[in-house]
Amino acid sequence: MISSIDLNAYMNVKKIFVGKDFGEEVRLKSNIDFKFKTSDLVMLIIPHNVNAINPSFFEQFISNVVRDIGVDMFKTKLSVMHYGNYNYNSVVDESISRIKRDMNRNAK
């Protein structure tokens, strides 16, 4: 089964996705945790006209999922659809690095 999360539904007037609070809000509203648990693939649709997505937003948005299913499974199940020029890859990579760093700290 394939699920999708269209960030257009959560975009604000400034067309930015920044901050942990907003990441938490979108995480809850999008039901991302459930979608990753019950789907083979989760399609994340990033609006073509987004101005910014920062690692703090994305870290909070995906942290529960990454902790629950692991980095490798997360990367396997995530498919990003994006038609604009925004480079989301570095944001995803930085967010995953932060989550892994936090997981390693908590494991000690």
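**Helix packing and aromatic pairs in a predicted model**

S95 lies in helix α5 (residues 89-107). The model is a predicted one.

Me: Which residues is S95 in contact with, leaving aside neighbours within four places in sequence?
Reply: P55, F58, E59 and I62. Contact here means heavy atoms within 4.5 Å.

Me: What makes the aromatic pair of F36 and F74 stacked?
Reply: Ring centres must lie within 6.5 Å, and planes under 30 degrees apart count as stacked. F36 and F74 are 5.2 Å apart centre to centre, with 25° between the planes.

Me: How do you know whether F36 and F74 are buried or exposed?
Reply: The cut-off for buried is under 20%. F36 has 2% relative accessibility, so F36 counts as buried. F74 has 1%, so F74 is buried.

Me: How many aromatic pairs does the structure hold, and which residues do ring pairs link into a cluster?
Reply: The structure holds six. Ring pairs link F17, F22, F57, F58 and F61 into a cluster.

Me: What describes the packing of helix α1 and helix α3?
Reply: The axes of α1 (residues 20-30) and α3 (residues 55-69) come within 7 Å and cross at roughly 40°. The crossing is right-handed. By class, the contact of α1 with α3 has four nonpolar, five polar and four charged residues.

Note on methods. Residues are numbered from 1 along each chain as its sequence is written. This is a predicted model: local features need pLDDT of at least 70, side-chain atom pairs count only at pLDDT 80 or more; totals for chains, interfaces and linings use all residues. Side-chain values use heavy atoms; hydrogens and water are left out. Rings of Phe, Tyr and Trp (its six-membered ring) pair if their centres lie within 6.5 Å; planes under 30 degrees apart count as stacked, over 60 as edge-to-face and the rest as tilted. Buried means under 20% relative accessible area, exposed over 50%, partly exposed in between (1.4 Å probe, protein chains only). Helices (H or I, at least four residues) and strands (E, at least two) are DSSP runs, numbered from the N terminus. Axes are lines fitted to C-alpha atoms, for helices over the stretch in contact, and angles run from 0 to 180 degrees between N-to-C directions. A crossing is left-handed if the near helix is turned anticlockwise from the far one by less than a right angle, and right-handed if clockwise. Ala, Val, Leu, Ile, Met, Phe, Trp, Tyr, Cys and Pro count as nonpolar, Asp, Glu, Lys and Arg as charged, and the others, Gly among them, as polar.
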